[in-house]
Every structure is written in structure tokens, then in C-alpha cells.
Amino acid sequence: ELFAGGFAFEYSMEAANAEAASPYPFKQFGKQAYGIGYFSPQECDDVNTPCEYNPMPSYYFLQNAFNVSVSNVTTLDDFQVSPWREGRSACPENF
């Protein structure tokens, strides 16, 4: 139910970047609206006013995409390096 790490560009909308094209609560398309959710109410600070995370549709799309079982993944123990990839690559002249 939760994402942690680099699955998405932004976990939450950055109001300073997104609000010009997509005002709060970010329901219309905006080029800077990278987040997969937003916090409400708008003036929440999680100290005096508790925040609630509101997932956007892209949150659920990612949740579904990462909720699949992949059975044909090569493990480190099974990985074989191709001979042409062994060793160091040559640096260009005058590099």
C-alpha cells in the first residue's frame, strides 16, 4: 500500500512548481505536476494541522504495475558476463 524509494519522480506534488498550471488540489494537467499524490488540507503542516495523503490515479497505476510477480528474472548467481563485455574499455586518444 505504500511506496518507498525511487519508483516515481515525486511522492507528493510540489505546490511551488505545480500550482501555476494545476492549482490545488491538482485535478487538472500541469507540466510540472510530477507527484503521485498530494497532502490535504492545503494549509496542513503536520504540527498544528494534521496532513492526509491523497493518492492520484498515477499512484494506483504504479501500485498495480509493481504488484506483479516476475519469475524469469536473472539472479546474480546465474548471470554470465559475455566475453566481449569482460575487461576494461579503451579510453579515446587524448582523453
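Leaving aside residues up to four places away in sequence, Phe 26 touches Met 13, Ala 15, Ala 18, Glu 19, Tyr 38 and Met 56. Before we go on, keep in mind that this is a predicted model.

So where is Phe 26 in the chain? You'll find Phe 26 in the loop between α1, which is 15-18, and β1, which is 37-40. And is Phe 26 buried or exposed? Buried means under 20% relative accessible area, and Phe 26 has 5%, so Phe 26 counts as buried.

Phe 26 and Ala 15 sit 11 residues apart in sequence, and from C-alpha to C-alpha they are 8.8 Å apart in space.

Now, which residues make up the largest nonpolar core? There are 5 of them: Met 13, Ala 18, Phe 26, Tyr 38 and Met 56.

Let's zoom out for a moment. The protein chain has 2 helices and 2 strands, and from the N terminus on they run α-β-β-α. The protein chain has 95 residues, and 19% of them count as buried. If you take contacts between residues at least 6 apart in sequence, 32% of those join residues at least 24 apart.

Next up, cysteines. How many disulfides does a search of the whole structure find? The search finds 1, and it joins Cys 44 to Cys 51, with 2.2 Å from S to S. The torsion about that S-S bond is about 100°, so the disulfide is right-handed. Cys 44 is at 17% relative accessibility, so Cys 44 counts as buried. Cys 51 is at 26%, so that one counts as partly exposed. And then there's Cys 91: at 61% relative accessibility, Cys 91 counts as exposed.

Last stop, the surface. Val 68, Val 70 and Val 73 form a nonpolar patch there, and together they have about 270 Å² of accessible area. If you want to find Val 70 on your screen, go to the segment after α2, which is 57-65.

So, to recap: we began at Phe 26, which counts as buried, and ended on a surface patch of Val 68, Val 70 and Val 73. Thanks, everyone!

Notes: Residues are numbered from 1 along each chain as its sequence is written. This is a predicted model: local features need pLDDT of at least 70, side-chain atom pairs count only at pLDDT 80 or more; totals for chains, interfaces and linings use all residues. Side-chain values use heavy atoms; hydrogens and water are left out. Patches are made of residues with over 30% relative accessible area and no salt bridge: like charges are joined within 9 Å, nonpolar side chains (Val, Leu, Ile, Met, Phe, Trp, Tyr) within 5 Å. Accessible areas come from the Shrake-Rupley method with a 1.4 Å probe; for residues, only the protein chains shown count as cover. A salt bridge is a side-chain nitrogen of Lys or Arg within 4 Å of a carboxyl oxygen of Asp or Glu. Helices (H or I, at least four residues) and strands (E, at least two) are DSSP runs, numbered from the N terminus. A disulfide is a pair of cysteine sulfur atoms within 2.5 Å. Buried means under 20% relative accessible area, exposed over 50%, partly exposed in between (1.4 Å probe, protein chains only). A nonpolar core is a set of buried Ala, Val, Leu, Ile, Met, Phe, Trp, Tyr and Cys residues joined through side-chain atoms within 4.5 Å. Contact means heavy atoms within 4.5 Å.
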